[in-house]
Amino acid sequence: MRRVKITKNIVDKGAWLMGLSKRQIIIGAVGLAAAGLSLWCMWGKVQTDLMMGIVFVEILIVAAIGFIKIDGLSLLQVFLSLFKKIKVDYHSRRDCIYSDETKEK
């Protein structure tokens, strides 16, 4: 067995229940409540396979928005940043020279 010394503290101090933060618990409860409400509204009106597919997608979207973080940003913030105009700076791999996008060619 190999032993590795961990130099970074990986214990999450903000964890409340089963390693989840308060924000994740609230978003999970909201997702389950929305899925339960839509299940109750569609019961008997829509085929079971379609109804469960809709509920599954609903829970998946809410969980993705609440739980997934990319570089410290939630998935919703990442998605909304796609529509903002951001100045992009490039570094050439070949010569490691900084170049600006607004520069004329």
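Me: Which residues of H1 are buried?

Reply: Buried means under 20% relative accessible area, exposed over 50% and partly exposed in between, with a 1.4 Å probe and protein chains only; in H1, Gln24, Gly31, Ala35, Ser38 and Met42 are buried. They cover an arc of only 65° around the axis, taken from the directions from the helix axis to the C-beta atoms, and therefore lie on the same side of H1. This is a predicted model, in which local features need pLDDT of at least 70 and side-chain atom pairs pLDDT 80 or more, while totals for chains, interfaces and linings use all residues. Residues are numbered from 1 along each chain as its sequence is written, and side-chain values use heavy atoms, without hydrogens and water.

Me: Which exposed residues does the face of H1 turned away from its buried side carry, and what covers the buried residues?

Reply: That face carries Val30, Ala33, Leu37 and Trp40, whereas the cover of the buried residues includes strand S2 (20-21) and helix H2 (48-67), contact being heavy atoms within 4.5 Å.

Me: What span should helix H1 have?

Reply: The expected span is 1.5 Å times one less than the number of residues; for the 21 residues of H1 (residues 22-42) this gives 30 Å, which agrees with end C-alpha atoms 30 Å apart. After H1 comes Gly44, with a positive phi near 85°.

Me: Which element gives the most to the nonpolar patch?

Reply: H2 does, with five residues. Val57, in helix H2, is partly exposed, with a relative accessible area of 42%.

Definitions and conventions. Helix = DSSP H or I, 4+ residues; strand = E, 2+ residues; numbered from the N terminus.
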